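The structure is shown first.

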Amino acid sequence: MGTIRGAASVLVVPIGSMQDYEGDIPGNGIIQESGLTWLLLDGATIGSASSGAARYATDKARELFKKLWNNVNLVIFTNTGVPSTRGATADADFDAGKRLSLPDPRGRAVISAGQGSGLTNRARGQTGGAETHTMSTGEMPTHGHGAYHNNEVYKLGAGGAGENVSLNPTYYGFNAGTDLQGSGNAHNIMQPYYVTGGKLILAGRV
């Protein structure tokens, strides 16, 4: 647990907690304030002091490493940066100097795992969605494009001169097409959004 001590209270924040941040973020992606260490979430790696991890290579990363290893399906690497399979346990991989990727929520809305009422079940660490979408014919609502033609033929009355012209409508089959509309380009489907400075995860005490 990370602990923030104030004059009148003690706030306990679990390691692995995430929060938005609007302050300046150092180039190494590590923020240490109020006795706590926060890491920028951008897909960089964490691991032991011998792991060579890009974001946080220290034995203090063990608890966060274990929490992520056990709960989220993240990419793992050897201590030389080669993609690797998971070992028997999180502790075994940490002690072997493997690197674990941090989540990367940049450009994504974050939702909770599980299944809300009437909604789709979502697994922890799952990603999905798109910024734009091009509709296919199968996604369009059923609709029609009507095309009608009335070919009217006028004939002179049978009585000869002086007779009025009479109307004798006659209908013929025909081929017709409608004008083409639309561009076929992808359209924006993003909800209104606000961009923060970055999303952080609590790694532990300084």
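**Overview**

The protein chain has two helices and 15 strands as its secondary structure; helices (H or I, at least four residues) and strands (E, at least two) are DSSP runs, numbered from the N terminus. The model is predicted, so local features need pLDDT of at least 70 and side-chain atom pairs count only at pLDDT 80 or more, while totals for chains, interfaces and linings use all residues. Residues are numbered from 1 along each chain as its sequence is written, and side-chain values use heavy atoms, with hydrogens and water left out.

- Of the 206 residues of the protein chain, 26% count as buried. Buried means under 20% relative accessible area, exposed means over 50%, and partly exposed lies in between (1.4 Å probe, protein chains only).
- Among contacts between residues at least 6 apart in sequence, 58% join residues at least 24 apart. A contact means heavy atoms within 4.5 Å.

**Aromatic pair and charge over a ring**

- A search of the whole structure finds one aromatic pair. The ring centres of Phe 65 and Phe 94 are 5.2 Å apart and the planes stand at 70 degrees, so the pair is edge-to-face.
- Rings of Phe, Tyr and Trp (its six-membered ring) pair if their centres lie within 6.5 Å; planes under 30 degrees apart count as stacked, over 60 as edge-to-face and the rest as tilted.
- The pair links distant parts of the chain, with Phe 65 in helix H1 (residues 62-71) and Phe 94 in helix H2 (residues 90-95), 29 residues apart. Both Phe 65 and Phe 94 are buried.
- The charged end of Arg 86 sits over the ring of Trp 69, 4.9 Å from the ring centre. The criterion is NZ of Lys or CZ of Arg within 6 Å of the ring centre and within 35 degrees of the ring normal.

**Helix H2**

- Asp 93 lies in helix H2 and counts as buried because its relative accessibility is 2%.
- Leaving out residues up to four places away in sequence, Asp 93 touches Phe 65, Trp 69, Ile 76, Arg 86, Gly 87 and Lys 98. The list includes Phe 65 of the aromatic pair as well as Trp 69 and Arg 86 of the charge-ring contact.
- Ala 92 is also placed in helix H2 and is partly exposed, with a relative accessible area of 36%.

**Pockets**

- The largest pocket holds about 1800 Å³ of space. On a 1 Å grid over the protein atoms alone, a pocket is an open set of points where a 1.4 Å probe fits, with protein on both sides within 12 Å along at least five of seven lines; lining residues have an atom within 4 Å of a point. Grid points are joined across faces, edges and corners, and a volume is the space filled by probe spheres set on the points.
- The largest pocket is lined by 47 residues, and those closest to its centre are Pro 105, Arg 108, Ala 109, Val 110 and Ile 111. Strand E3 (18-21), H1 and strand E15 (198-205) are the elements that give two or more residues to this lining.
- By class, the lining of the largest pocket has 22 nonpolar, 15 polar and 10 charged residues. Ala, Val, Leu, Ile, Met, Phe, Trp, Tyr, Cys and Pro count as nonpolar, Asp, Glu, Lys and Arg as charged, and the others, Gly among them, as polar.
- The second largest pocket holds about 240 Å³. Its lining includes Met 135, His 143, Gln 181, Gly 184 and His 187, and divides into two nonpolar, nine polar and no charged residues.

**Loop residues**

- Ser 34 is in the loop between strand E4 (30-33) and strand E5 (36-40). Ser 34 has a positive phi of about 55 degrees although it is not a glycine, and at 57% relative accessibility it counts as exposed.
- Ser 112 lies in the loop between strand E10 (99-101) and strand E11 (132-133) and is exposed at 65% relative accessibility.
- Ser 136 is in the loop between E11 and strand E12 (152-156) and is partly exposed, at 36%. The C-alpha atoms of Ser 136 and Gly 184 are separated by 9.1 Å, although the residues are 48 apart along the chain.
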